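Please keep the sequence and the structure in view while reading.

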Amino acid sequence: MEQVDIIIADESHFSYAHEICEVISDSAKVRGTGIAKRTPEYVQTKMQNRNAIIALSGDKFAGFCYIEVWGHEKYVAHSGLVVHPDYRNQGLAKKIKEFTFNHSLKKYPNSKVFGITTGLAVMKINSDLGYKPVTFSELTDDPKFWAGCKTCTNFDILTAKNHKMCLCTGMLYDPAITVKKKEKWFNKRVLKRLKNIKQTMLANNKQLLLWKK
Ligand SMILES: CC(C)(COP(=O)(O)OP(=O)(O)OC[C@H]1O[C@@H](n2cnc3c(N)ncnc32)[C@H](O)[C@@H]1OP(=O)(O)O)[C@@H](O)C(=O)NCCC(=O)NCCS
């Protein structure tokens, strides 16, 4: 694989916005699935706000993903993940998503991270990062987020189901729950270490007593 750099996009990447939108919409046509349409101007706003991640091989576009903030930072979503066909099946999507995830956790540490997708690749990547599948009721109720689905070919289904379900699977990562799990794991380790120290001290004490006798 050629060297691919994954970076936080800025104004210097504006010229890639058209190509990014084209690859997203062409891929959706090939898959025959619905997709929320993005305009180059929207992509450029994400770059300007440092909420977009771009993968480049030299000056060739290789992949992209961006962060959206919903419900006054209660939620963030990672959307528009795309890898140029020339760079697929080499683990690039996974790396871009990991990079986006870490950048987003640093920038929005208290926000729940979610995504909706019909793609198995994205489901796999999300679940490796610790996302759990959830019903739409667990996701943001910000109407602007759901308005993004208007350009998806399945929007009729979402409307018919009162925005409660659709063909996409909702996936959620709650940093509060993960931190609790980590704390538990940490406590277990500390307890194990304390137990080892105590056992060593006890063994040394016994040896000392035997020696004194
Ligand atoms: C989906 C997409 C981003 C995957 O990019 P990629 O760089 O080829 O993916 P990776 O190589 O990082 O693969 C990640 C995982 O998904 C799996 N995967 C990749 N493409 C897959 C596919 N089409 N179907 C099922 N699984 C797939 C890989 O085997 C890998 O799984 P593993 O971790 O168990 O080995 C890319 O095909 C693409 O841009 N598609 C069009 C846009 C799109 O569908 N975006 C998602 C919108 S929700």
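Predicted model: local features only at pLDDT ≥ 70, side-chain atom pairs only at ≥ 80, totals over all residues.

In which sense do strand 2 and strand 3 pair, and over how many bridges? The two strands are antiparallel, and six bridges hold the pairing.

**Overall layout**

The chain contains seven strands and seven helices. Their order along the sequence is β-α-α-β-β-β-α-β-α-β-α-α-β-α. Of the 213 residues in the chain, 29% are buried. Among contacts with a separation of 6 or more, 68% are between residues 24 or more positions apart.

On the strand 3 side, isoleucine 54 faces phenylalanine 64, and serine 57 faces lysine 60. Two residues lie between strand 2 and strand 3 in their hairpin, where glycine 58 has a positive phi near 65°.

Strand 3 also pairs with strand 4, again antiparallel, through seven bridges. Tryptophan 70 has tyrosine 75 in strand 4 as its bridge partner. The hairpin of strand 3 and strand 4 has four residues between the strands, and glycine 71 there takes a positive phi near 55°.

**Strands 5 to 7**

Strand 7 (residues 169-173) pairs with strand 5 (residues 112-117) over five bridges in the antiparallel sense. Valine 113 is placed opposite tyrosine 173 of strand 7. Strand 6 (residues 132-134) runs antiparallel to strand 7 as well, with three bridges between them. Here proline 133 has methionine 171 of strand 7 as its bridge partner.

| Pair | Sense | Bridges |
|---|---|---|
| Strand 2 and strand 3 | antiparallel | six bridges |
| Strand 3 and strand 4 | antiparallel | seven bridges |
| Strand 5 and strand 7 | antiparallel | five bridges |
| Strand 6 and strand 7 | antiparallel | three bridges |

In soluble globular proteins, nonpolar side chains tend to be buried together. The largest nonpolar core of this chain has 38 residues, and those touching the most other members are Ile20, Ala52, Ile53, Ile54 and Phe64. Strand 3 (residues 60-70) contributes the most to this core, namely seven residues. Strand 3 is itself mostly covered, with nine of its 11 residues buried.

Which residues are in contact with phenylalanine 64, once its neighbours within four places in sequence are left aside? They are Ile20, Ala52, Ile53, Ile54, Ala55, Gly80 and Val82.

Phenylalanine 61 also belongs to strand 3. A residue is buried if 20 or more other C-beta atoms lie within 10 Å of its own. Phenylalanine 61 has 21 such neighbours inside 10 Å and therefore counts as buried. Residues up to four places away in sequence not counted, phenylalanine 61 touches Tyr16, Glu19, Ile20, Leu56 and His84. One of these, glutamate 19, is 42 residues away in sequence, while the C-alpha to C-alpha distance is 8.0 Å.

**Helix 2**

Helix 2 (residues 40-48) has Val43, Gln44, Lys46 and Met47 as its buried residues. These residues lie on the same side of helix 2 because they cover an arc of only 155° around the axis. An α-helix has 3.6 residues a turn, so residues three or four places apart point the same way. The cover over the buried residues of helix 2 includes helix 1, strand 2 (52-57) and strand 3. After helix 2 comes arginine 50, which has a positive phi near 60°.

**Around the ligand**

There are 19 residues around the ligand, and Ser27, Arg88, Ala93, Lys94 and Ala121 come nearest. Helix 1 (17-31), strand 4 (75-83), helix 3 (92-107) and helix 4 (120-129) each give two or more residues to this shell. Which element gives the most to the shell around the ligand? Helix 4 does, with five residues. Sorted by class, the shell consists of nine nonpolar, six polar and four charged residues.

Conventions:
Residues numbered from 1 in each chain as written. Buried ≥ 20, exposed ≤ 12 C-beta atoms within 10 Å, placed from the backbone. Contact = placed C-beta atoms within 7 Å. Core = buried A, V, L, I, M, F, W, Y, C linked by C-beta atoms within 7 Å. Near = placed C-beta within 6 Å. Nonpolar A, V, L, I, M, F, W, Y, C, P; charged D, E, K, R; others polar. Pairing = 2+ DSSP bridges. Arc of directions from axis to C-beta.
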